[in-house]
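Subject: Structure for you to look at

Hello,

Here is the structure I promised to pass on. Please open it beside this email and follow along.

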Amino acid sequence: MSGASDTGREETRREFGEAVNMTAGDLEAWLATDESQGVGWSDDGGESVGHASGRRIVELLHTKQADLSDDDLAHMRKVVGYVRRHAAQRPEGDVTRTKWRYSLMNWGHDPTK
């Protein structure tokens, strides 16, 4: 039995689907780029938090909704929160080649789509 209510699970899945606008394939390809690996915060100089999240998002996109765990749903909520906060900080001008966009893309959201 899941700890989240059916309504809460559905809302989380809906919000995650709105926040993550990249396909699993697009996100996997992006995560392999130097640009993806060159942005974000890391507490030990290794993989950034956003890059690790991107790998987890790919897994979530491949997971059947019925198989999502409470931990999966918690990460989905974390993704939604990050995308909303970071998107609100959009810089002026063309964002195509900015670290701001690259960071969002690590979290599965391409603001140019």
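A helix axis here is a line fitted to C-alpha atoms over the stretch in contact, and the angle between two axes is taken between their N-to-C directions, from 0 to 180 degrees. Keep in mind that this is a predicted model.

Start with two helices. H4 covers residues 49-62. H5 covers residues 70-87. Their axes lie 11 Å apart and meet at an angle of about 125 degrees. Angles of 65 to 115 degrees count as roughly perpendicular and those over 145 as roughly antiparallel, so H4 and H5 are oblique to each other. The crossing of H4 past H5 is left-handed.

Which residues meet there? H4 brings Ser53, Arg56, Ile57 and Leu60. H5 brings Asp71, Asp72, His75, Met76 and Val79. By class, this contact has four nonpolar, three charged and two polar residues.

Next, the largest nonpolar core. It has 25 residues. Those that touch the most other members are Phe16, Leu27, Trp30, Ile57, Met76, Val79 and Val83. Helices H1 (6-19), H2 (24-31), H4, H5 and H6 each give two or more residues to this core. H5 gives the largest share, six residues.

Look at Met76 again. Beyond its neighbours within four places in sequence, Met76 is in contact with Thr12, Arg13, Phe16, Leu60 and Leu68.

Last, Ser103. It is found in helix H6, residues 99-106. Is Ser103 buried or exposed? Its relative accessible area is 12%. Buried means under 20%, so Ser103 is buried. Leaving aside neighbours within four places in sequence, Ser103 contacts Val39, Gly40, Tyr82 and His86.

Best wishes

Terms used
Residues are numbered from 1 along each chain as its sequence is written. This is a predicted model: local features need pLDDT of at least 70, side-chain atom pairs count only at pLDDT 80 or more; totals for chains, interfaces and linings use all residues. Side-chain values use heavy atoms; hydrogens and water are left out. Helices (H or I, at least four residues) and strands (E, at least two) are DSSP runs, numbered from the N terminus. Angles under 35 degrees count as roughly parallel, over 145 as roughly antiparallel, 65 to 115 as roughly perpendicular and the rest as oblique. A crossing is left-handed if the near helix is turned anticlockwise from the far one by less than a right angle, and right-handed if clockwise. Contact means heavy atoms within 4.5 Å. Ala, Val, Leu, Ile, Met, Phe, Trp, Tyr, Cys and Pro count as nonpolar, Asp, Glu, Lys and Arg as charged, and the others, Gly among them, as polar. Buried means under 20% relative accessible area, exposed over 50%, partly exposed in between (1.4 Å probe, protein chains only). A nonpolar core is a set of buried Ala, Val, Leu, Ile, Met, Phe, Trp, Tyr and Cys residues joined through side-chain atoms within 4.5 Å.
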